[in-house]
Amino acid sequence: MSGDNEETQTTEETTMDDKETQDKVISPEKAEEAKLKAKYPNIGNKPGGSDLLRKRLTKGQKYFDSGDYNMAKAKIKNKQLPTAAPEKTEITGDHIPTPQDLPQRKPSLVASKLAG
Amino acid sequence: MAGTGDGSSDVQWCFSQVKGAIDDEVAEADVISTVEFNHSGELLATGDKGGRVVIFQQEPESKNQPQCRGEYNVYSTFQSHEPEFDYLKSLEIEEKINKIRWLPQKNAAQFLLSTNDKTIKLWKISERDKRPEGYNLKEEDGRYRDFNTVTTLRVPVFMPMDLMVEASPRRVFANAHTYHINSISVNSDCETYLSADDLRINLWNLEINDRSFNIVDIKPANMEELTEVITAAEFHPNQCNTFVYSSSKGTIRLCDMRAAALCDQHTKLFEEPEDPNNRSFFSEIISSISDVKFSHSGRYMMTRDYLSVKVWDLNMETRPVETYQVHDYLRSKLCSLYENDCIFDKFECCWNGNDSVVMTGSYNNFFRMFDRGYRQDVTLEASRENSKPRSVLKPRKVSTGGKRKKDEISVDCLDFNKKILHTAWHPLDNIIAVATTNNLYIFQEKLN
């Protein structure tokens with residue numbers, strides 16, 4: 001594999017370039033951080049930094065409230081709700097997903113294509 | 001014997017096989033989520049997002065082609081887990097197989113543990129190649145004979161039949177994890193195993209499924225104070241009292257079960273000091289360890305974080321003994337990788353049989369091997385274009401600077417949807433299994 005030494009050198013050169021110019025130019029990581037903060041100014045301002053962790057822990061959470069569900073069912077039964085233009089304000093009870101809205105999670109009846 | 005005197009410079013990798021569909025449209029269920037060789041390397045198991053397990057078996061080497069090691073063909077396939085909905089917690093439980101771990105073989109049957117986010121199952125895979133024939137009271141098709149017509153008695157015998165491989169669930173280990181299971185690991189005592197979720201690690205006996213011991217609990221009393229989660233855990237390959245677990249903050253804790261029943265106090269803490277000048281918003285995210293694997297010898301362990309692979313000597317906690325950059329050119333792409341969530345991709349890593357080479361995946365269906373002894377590394381690609389039988393894989397290169405050489409690919413042209421998260425190395429030979437999104441590639445060392 002003749003190319004290997006070249007590749008190692010390229011990585012080393014890049015790193016050395018970074019170190020040399022670090023006084024003048026900020027590291028690529030910090031440059032990327034600046035880019036992100038420019039797009040999303042409020043990111044990372046919350047204390048604890050545990051938003052990401054909490055999002056990870058609550059993966060798979062789907063909210064269902066039987067009261068809201070029954071109220072929404074009753075509303076639809078009584079009258080056809082006019083399809084309003086999409087509004088930013090959400091009315092609780094009309095927009096919370098109901099069991100019918102949840103994608104049907106049926107087990108895979110098809111065999112894996114790896115076994116094909 | 002893998003790696004006897006040959007470093008990356010000597011080993012050339014050839015395409016051997018590819019499994020899976022060719023279509024560009026990938027169904028969610030077909031996404032491969034785990035790949036694992038068994039202890040002899042004869043069997044190769046894959047798990048997917050659809051909760052299915054496919055096991056391949058290596059054909060014995062044929063005398064006609066001594067240059068080629070046996071091919072892997074389908075041995076058994078079954079539905080391991082199914083989607084569930086926990087109505088009490090309003091939680092959707094995916095059927096995706098997070099991990100498969102084989103038990104060492106003790107008798108004719110094979111056993112493996114497979115787990116999704118919440119439930120671990122022990123599967124028995126057994127062969128049936130004989131069936132009883134010649135019953136006195138039953139016809140061959142199973143109908144009962146009128147015993148008035150029975151005039152002689154005979155002894156039923158076992159007659160050979162076409163091989164049938166059956167998978168049956170022998171144990172279901174459920175309801176022990178509030179959070180999502182990320183790891184399972186069989187102990188070297190072959191009696192117990194551990195399962196780890198984001199905040200807790202439990203110890204099980206393989207025979208007992210209604211009881212589990214909690215051995216690590218890092219859940220804070222106040223969830224607002226949560227700063228790190230468990231990302232992976234593994235038992236030591238030889239010492240049945242030792243295990244390690246890695247965290248989202250880039251630390252690894254080694255615990256000794258002889259010290260206390262609850263191993264919240266680590267025996268060793270492996271952490272590389274961080275340069276405070278280099279700290280950025282991304283620092284913690286990219287330092288999160290996505291995989292930890294002990295070497296076969298048990299002397300070292302390897303960790304994979306977003307940009308690098310580190311080898312640690314268990315005797316030294318202060319810093320890794322080796323650090324390999326997988327794709328450092330991504331450092332200048334972190335902003336967009338954060339926006340498209342790729343920065344949270346969990347890459348795995350693996351050792352070769354004699355711990356001389358380590359391997360891990362990257363983007364664009366590239367995967368990387370680092371030879372620890374020869375200090376060489378190579379980038380290879382798993383693609384249908386290089387899938388002529390026994391064609392040698394050409395090393396690939398990503399160009400970082402302005403000048404792009406011919407055959408190099410620029411960082412901006414990398415396909416971040418083509419990620420290789422799961423790879424496995426045969427325990428004895430130079431045979432590797434590399435999973436792209438929905439295809440399984442098997443590569444072998446070129447033998448001549």
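This is a predicted model: local features need pLDDT of at least 70, side-chain atom pairs count only at pLDDT 80 or more; totals for chains, interfaces and linings use all residues.

**Entry 1: chain A surface.** The accessible surface of chain A is about 9,200 Å². Carbon and sulfur atoms account for 56% of that area. I then looked up burial: of the 116 residues in chain A, 18% are buried.

**Entry 2: chain A elements.** Next I went through the secondary structure. Chain A has four helices and zero strands, and I noted its order along the sequence as α-α-α-α.

Entry 3: I moved over to chain B and picked a pair of strands. How many bridges join β14(B) to β15(B)? I found five, between β14 of chain B at residues 200-205 and β15 of chain B at residues 208-217. The two strands run antiparallel. With two residues between them, β14(B) and β15(B) make a hairpin. I also checked who faces whom: Leu203(B) sits opposite Phe213(B), a residue of β15(B).

**Entry 4: a nonpolar patch in chain B.** Which residues form a nonpolar patch on the surface? My list reads Leu137(B), Tyr144(B) and Phe147(B), and together they have about 420 Å² of accessible area. I followed up on Tyr144(B), which lies in the loop between β10 (120-133) and β11 (157-173) of chain B. Is Tyr144(B) buried or exposed? Its relative accessible area is 69%; the cut-off for exposed is over 50%, so I wrote Tyr144(B) down as exposed.

Key:
Residues are numbered from 1 along each chain as its sequence is written. Chains are lettered from A and ligands numbered from 1 in the order in which they are written. Side-chain values use heavy atoms; hydrogens and water are left out. Buried means under 20% relative accessible area, exposed over 50%, partly exposed in between (1.4 Å probe, protein chains only). Accessible areas come from the Shrake-Rupley method with a 1.4 Å probe; for residues, only the protein chains shown count as cover. Two strands pair if DSSP finds at least two bridges between them. Patches are made of residues with over 30% relative accessible area and no salt bridge: like charges are joined within 9 Å, nonpolar side chains (Val, Leu, Ile, Met, Phe, Trp, Tyr) within 5 Å. A salt bridge is a side-chain nitrogen of Lys or Arg within 4 Å of a carboxyl oxygen of Asp or Glu.
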